[in-house]
Amino acid sequence: MPRAIRLLILGTGGMAANHAEQFAKIPGVRIVAGVDTRADQLATFADRFAIPHRFTSLERALDWGAFDAVTNVTPDAAHHPTTLPLLGAGKHVLCEKPLATNAAHADEMAAAAARAGVVAMVNLTYRNVPALQQAAQMVAAGAIGTLRHFEASYLQSWLTQPAWGHWDREQQWLWRLSTAHGSKGVLGDVGIHILDFATFAAGLDVADISCRLATFDKAPGGRIGDYVLDANDSATMQLRLANGALGTVTASRFATGHLNDLRLRLHGDRGALDVAFEKGKSRLSACLAPDLEAALWRRVPCPPVPTVYRRFIAAIRGEGPAIPDFARAARLQALLDRAEESAAQEARALPI
């Protein structure tokens with residue numbers, strides 16, 4: 001029998017239902033408690049998933065303490081103040097991305113996780129994409145030679161149509177548009193995913209990054225109720241990797257025609273790869289010798305990979321590595337900070 005794991009869910013809005021559904025599928029995992037400052041929201045969520053213990057503060061949950069691990073599904077700005085006490089209590093943590101809202105806090109969290117000696121992972125969901133994992137293995141094996149150029153994009157369109165709900169009426173979307181509610185905009189929300197997607201497959205660190213950000217008018221006066229809609233909606237970045245390769249990374253919530261699509265093209269001096277995750281499906285194509293002169297692309301089979309939820313539990317049980325960990329998330333946060341700084345400098349330099 002697998003080792004039993006008692007799990008607490010911190011935050012019961014937005015993505016929490018997906019976390020609960022995924023962890024419930026794993027043998028030996030029992031969701032024993034939920035935490036949310038909103039008592040009604042917490043009760044509805046806990047009833048839905050038959051969660052026996054409910055706490056309206058993290059402090060009360062820690063005083064109770066009868067849990068082994070936590071999945072932190074709070075808004076971005078709450079990750080730092082809620083995760084640190086969990087690590088201090090010796091609890092394993094899977095934290096939603098981004099790890100924090102600035103690099104200093106992310107570094108503090110990574111250092112605390114290392115001191116605690118617990119499993120501390122970040123939910124970079126698209127590590128679950130089979131085509132990405134296969135591409136990373138092929139790049140590492142030298143299949144495309146030396147990487148010289150890459151293009152990556154993460155395209156969403158929920159600001160142009162209501163496939164996921166009405167963004168101008170629902171809290172789960174409105175907070176993502178407001179810096180006062182803890183949002184770092186599309187850069188922090190999905191930009192971190194595509195930065196990880198590209199650099200993980202490339203197997204290289206980023207040497208330099210520049211960025212442009214845009215926030216578009218979406219409501220009269222730029223606000224809806226308590227939400228000031230000032231978070232960035234679109235981002236374009238230029239990256240230079242450690243080996244000198246150049247590439248572009250883009251992210252947008254205004255990409256009409258794309259509900260939730262990621263794309264990555266990697267071009268080396270001996271071949272190229274095209275990674276796609278579109279409409280929930282993954283595919284990988286390659287142009288390799290002897291097809292280079294004809295520019296012929298062939299599909300590459302990609303075996304399934306375990307979800308981050310399963311990998312988190314496996315790591316707790318000592319059955320696999322804790323990847324991606326807080327250290328990786330902290331490096332990505334540093335990239336986000338550098339991108340924001342670059343965008344601010346560009347904005348100051350623009351003519352009036």
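Predicted model: local features only at pLDDT ≥ 70, side-chain atom pairs only at ≥ 80, totals over all residues.
If you follow the secondary structure around the lining, at least two residues each come from helix 1 (16–24), helix 2 (39–48), helix 3 (58–64), strand 7 (147–156), helix 7 (171–174) and helix 8 (185–202). Sorted by class, the lining of the largest pocket has 21 polar residues, 16 nonpolar and 10 charged.

Now to the second largest pocket, whose volume is about 220 Å³. Which helix gives the most to its lining? That is helix 9, residues 308–316, with 3 residues. Among the residues that line this second pocket are R127, Q133, F200, R310, R311 and A314, and also P321, I323 and P324. Here the classes come out as 7 nonpolar, 2 polar and 3 charged residues.

Finally, a word on a pair of helices. The axes of helix 5 (residues 103–116) and helix 10 (residues 326–349) come within 8 Å and cross at roughly 170°, and because angles over 145 degrees count as roughly antiparallel, helix 5 is roughly antiparallel to helix 10. On the helix 5 side the contact is made by A103, A106, D107, M109, A110 and A113, while helix 10 brings F326, A327, A330, Q333, A334 and D337. By class, this contact has 9 nonpolar residues, 1 polar and 2 charged.

Technical notes: Residues numbered from 1 in each chain as written. Heavy atoms only, no water. Axes fitted to C-alpha atoms, helices over the stretch in contact; angles between N-to-C directions. Helix = DSSP H or I, 4+ residues; strand = E, 2+ residues; numbered from the N terminus. Parallel < 35°, antiparallel > 145°, perpendicular 65-115°, else oblique. Contact = heavy atoms within 4.5 Å. Nonpolar A, V, L, I, M, F, W, Y, C, P; charged D, E, K, R; others polar. 1 Å grid on protein atoms, 1.4 Å probe; cavity = no way out; pocket = protein on both sides within 12 Å on 5 of 7 lines; lining within 4 Å. Points joined across faces, edges and corners; volume = space filled by probe spheres on them.
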